[in-house]
Amino acid sequence: MGDLQLPSIDYGALLPMLILFGAACVGILVEVFTPRRSRNVVQVTLAFGAIAAAFVAVIVQHNTRKITIGGAVAIDGPTVFLQGALLVLGAVSLMLIAERSIERGGPFVSQAAITVGSQKDLKQAGDQSGATEVYPLTIFALGGMLLFVAANDLLTMFVALEVFSLPLYLLCALARRRRLLSQEAALKYFLLGSYASAFFLFGVALLYGFAGGIKLSDVHEAVANPQRSQVLLYGGLALIAIGLLFKAALAPFHVWTPDVYQGAPTPITALMAACTKVAAFGALLRILYVAFDGVRWDFQPVLGTIAVLTMLVGAVLAITQTDMKRLLAYSSVANAGYLLVGVLALNEEGLSSTMFYLVAYGFSVLAAFGIVTLVRDADGEATHLARWAGLGRKSPLFAAAFTFILLAFAGIPLTSGFTSKFAVFGAAIEGGQTWLVVFGVITSMLLAFPYLRVVVLLWLSEPGESTPTVSIPGFMTSAALVIGVAATFALGVVPAPLIDLTRDAAQFVR
Amino acid sequence: MEQTVEYAPASGVLSGIWLLVAIPLVSAAILLLLGKRADKWGHWLGVLSVAATFVLGLVFFISLSGLEEGARSAQQSLWDFIAVGNLHVDFGLLFDPLAGVFVLLITGVGSLIHLYAVGYMEHDPGRRKFFGYFNLFVAAMLLLVLGNNYVMLYFGWEGVGLASYLLISFWTTRPSAATAGKKAFLMNRVGDAGLAIGIFLMFATLGTTQYDEVFGNVSALSSTTVLILGLLLLLGAAGKSGQFPLQAWLPDAMEGPTPVSALIHAATMVTAGVYLIARSNAIFTANTTLQTIVVCVGALTLLMGCIIGAAKDDIKRVLAWSTVSQIGYMFLGVGLGGGAYALAIIHLLAHGFFKANMFLGAGSVMHGMHDQVDIRRFGGLRKYMKWTWLTFAAGWLAIIGIPPLSGYFSKEPIIAAAFERGDWTAWLFGWAALLGAGLTAFYMTRLFVLTFHGPERYTEDNKHPHESPYIMTVPLMLLALGSIGAGWLLATTIPDWLTPVFGEHEEHHAVMPHAVINILGIVLTVLGAGLAWALFRKGTALEPRPAGVVVTAARKNLYTDSFNEAVFERPGIYLTRALVYLDNKGIDGLVNGIAAGVGGTSGRLRRLQTGFVRSYALSMLTGAVLVVGAFLAIQLGWLA
């Protein structure tokens, strides 16, 4: 065993992830050693501090292009960009998570283990402040996502997948209101997520059998000079893809999305819609571009079909939804389809436009869910569409912000929704995937309908007896809304700087 | 055919053209964001901003005409909008002769209609919001005609669609308004999808969407590509302009407030399709098949519009079908190509005046008659509404083409141009246009006589019609002056003015002498009008009577709605149902009436599945089997 060598580790390059994981561990200690009264302040400070520090560490690394710790992690343009994006979007989601003034005690339950409906539960629903464990859990999830987009071998990728998934399963169960729905969502997400992970892991095993290694570069070489049965290659590619398609919510692996988005506490839904998407597509991009670009002609039609199916399912089902969170869930499914169109361009533009789309969509969806947290009545959030009728008359400012975000989702020009769709479609045209663009354009036309229907509902319907009021947001939610709306506008009017940034970053190392 | 297109950079006064879009946009933002605080003065801000834009447009127009003929254009790049791969899109504007006349039409007629709306919407609690949307529309429409590339045009295109949708649905208390808004939206989306795909095709084949570069390089494309590109643009144009086969939404759009019908669904937005084709003349001229298709669409739509218009009893719907039909004439014009491009634009401008005139007149009638729209319930109104009657008469005589009113000068040349086509189709399209003129005279006279003459047939609650206030009649008078004089003025100046855009054109020989066509046109018009006057002089039955095949078909919009339902709606519903079957829960079937028609047909299905994890897992497993199967099939060479 004398020739065992420690791999060289570039701690600087890993610093963003190390900071987050470290801060999350510290956060758990804080739970133990800090008095209950000051816990929330300490945790919030710690979480934001960790994200800020990690962001600085990412900025410092912006020119690093290397593979480190024995080929397990690749720090390159896409990694740095996506990690930065994850941290910014994560910070904005954290603002929604940290909001404590809209509802007494915040959006999370104090003790999730108490039986729903029991005496103790009624007591805690009234006056106990929410669990502060959500902060370390969120930071763990973010750290896992950072690792996920950087993972350069299949096992690291799998570990990262679990690292960010497990905290999310937990977070989904922690809603203060409608706890049964929340727990049901968490359990569903957990069961189906484990199921998808099993596919992923089986795929890793097959690919190991095919390539004799688990690094993406091993797979790349084995694809170029296959030594073993191609069945292993295609089977492995298919199964790994399924694991990632599940996280990215692509049809037919999207089935969990509406239920989980609806049941989870809305700030967590926002986190999933913005950050999980970035992580899942980051990994998908890396796998397809780095490991499998040798068989692109083989997976393009299959994944293209999935993209078309996803866009159709998302757009058509969004039309029939009557619940705001489910509507946004289906819209998120459809957007995953557009993102896949960008991925399937399989060129540098595809990579850069997909990254642009992820950021643009992330900001918009955060703002959208942020507003959902504000529209409430005595029972918590009022998410049924009928309840939103005439909201424009009661709270014009928030209705206007929401309208703007909906117009962005509908792809109306001068919003980031238009520029990002335009960018991925343009890239797909360059990549010769015109058929995907045709479907993309048609479904985005369809998808505009449910959004504009909500706009009409907000502004032109008479407010009914049951139209809830919009709560006055605290500083945190206001900040998140302003950032989300401002980014949606800025990226719609002057997208060029961010597009340039994604362009400079659009090169994987192998 | 090599065509080079170059636009001069904007300089001097013309470097301010961005203000044309900015002013109404800012005003819209103020009106919509200030909320109730702006209720007192909001409508005047709305009027003022459009009037200011008109003055500014006039200044630009005059300074443009001061330039040399070859250099009459001003292009302004505001900022780099987006760059993906090789595609580069400017946020840029172009003010050239074609854009210039559109700017004057939109802001000129727009100002008058805004002014009128101050009176018309006086008692509506949503007046400020209405003006906000109205200004938003003007800004979007100006962006549409001022963009210097197809993406900017698409921006405006979407913007006007949005404003139109909001304004049609403005009175949501009426379920029919919500349905109409939905229909307009969906049909427009079909067209918009065509336009968007066309723009992407342009990018894929030419690598650019800038007008000058696209038009300069069209000759490099294969004729099939040009044909497909043109058809996609035509689909977009047909959707926006209510042309066959996407005509059904326009008459339903009349559910919106009347000033909206006048500005958006008669004078400006619906002519955007004509603008698109005229602007893209280099593409359409490059393929004769394409031109023939445009001509067919125009001729078919103009006849359809006339026939259906003659069977309708709702004053605004008759005018709407007449709009469909008149835009058919414009499509005929742009399809004929060459010198007829300018003729179509002339007709478009003249139509903007007389149609706005009549729509506002109809609004004035409704204003005095408690929103009654059934022409069978009017009659003899000339006694009560002198100004409305007089001004409506000007519009009526203009549209049917009685010399020397404007319709004569704008429609007659298009008919003549149709007879100039080189082959036997000259007879077909020429006679279609002539027949259309006769039918137009018939149904417009029917409308006019039933409304203003003959016996009074008012309902019980409508015994005392009254004239509208001056704030409504003064715009009517000004528009009536336009209906009377604009045609001659335009016909003598516009062709030369537009030469830089459409190029010089050579004279063709018509299959019949011009004088004969001219006389035939007038004879048919007089016959049509005389017949209608004779038939409806004494009023009409208050209930629909059983009628022949043609009239029954016309009452049912020539069965086009049934066709749409069978071909598009049914399959769509089944598709949705099939997909909903796969969706698990959340379809709670509470189709909510107050919520502006929330929920669709598919919403009726109630929880077909219950959200069990096992069914989710099953659907994932099925997907997984299919995906793995597909990959393995590829590997074994079964696919691809």
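**Group meeting talk: a predicted two-chain model**

Chain B has 24 helices and two strands. Keep in mind throughout that this is a predicted model.

Let me stay with chain B for a moment. It has 640 residues, and 59% of them count as buried. Now take the contacts in chain B with a separation of 6 or more: 81% of those are between residues 24 or more positions apart.

Next, the contact of the two chains.

Now a pair of helices within chain A. Two packed helices are described by the angle between their axes and the distance between the axes. Here the helices are α13, residues 324-343, and α14, residues 348-372, both of chain A. They pack at an angle of about 175°, and their axes are 9 Å apart. Are α13(A) and α14(A) roughly parallel or roughly antiparallel? Angles over 145 degrees count as roughly antiparallel, so α13(A) is roughly antiparallel to α14(A).

If you want to find this contact in the structure, look in α13(A) for residues including Met324(A), Leu328(A), Tyr338(A) and Val343(A). On the α14(A) side, the residues they meet include Gly350(A), Tyr357(A), Tyr361(A) and Phe369(A). The residues of the contact of α13(A) with α14(A) divide into 12 nonpolar, six polar and one charged.

On to strands. In general, strands of a sheet pair through backbone hydrogen bonds, either parallel or antiparallel. Chain A has an open sheet of three strands in the order β4-β3-β5, and the pairing is antiparallel. Which strands are at the edges? They are β4, residues 380-381, and β5, residues 469-470, of chain A, and each pairs on one side only. Strand β3 of chain A, residues 375-377, is joined to β4(A) by two bridges, and the two run antiparallel. For one of the partners, look at Arg376(A): its bridge partner in β4(A) is Glu381(A).

Last, some backbone details, all in loops.

There is a cis peptide bond between Ala251(A) and Pro252(A), with omega about 0°. Pro252(A) lies in the loop between α9 (230-248) and α10 (256-263) of chain A. In chain B, the peptide bond from Pro403(B) to Pro404(B) is cis too, with omega near 0°. Pro404(B) is found in the loop between α16 (386-400) and α17 (406-418) of chain B.

Ile69(A) has a phi of about 30°, and its place is the loop between β1 (66-68) and β2 (73-75) of chain A. Arg178(A) has a phi of about 45°, and it lies in the loop between α6 (154-172) and α7 (179-211) of chain A.

Why does Ile69(A) count as partly exposed? A buried residue needs 20 or more other C-beta atoms within 10 Å, and an exposed one has 12 or fewer. Ile69(A) has 17 such neighbours, so it counts as partly exposed. Arg178(A) has 18 other C-beta atoms within 10 Å, and therefore it is partly exposed as well.

Methods: Residues numbered from 1 in each chain as written. Chains lettered and ligands numbered in written order. Predicted model: local features only at pLDDT ≥ 70, side-chain atom pairs only at ≥ 80, totals over all residues. Helix = DSSP H or I, 4+ residues; strand = E, 2+ residues; numbered from the N terminus. Contact = placed C-beta atoms within 7 Å. Axes fitted to C-alpha atoms, helices over the stretch in contact; angles between N-to-C directions. Parallel < 35°, antiparallel > 145°, perpendicular 65-115°, else oblique. Nonpolar A, V, L, I, M, F, W, Y, C, P; charged D, E, K, R; others polar. Pairing = 2+ DSSP bridges.
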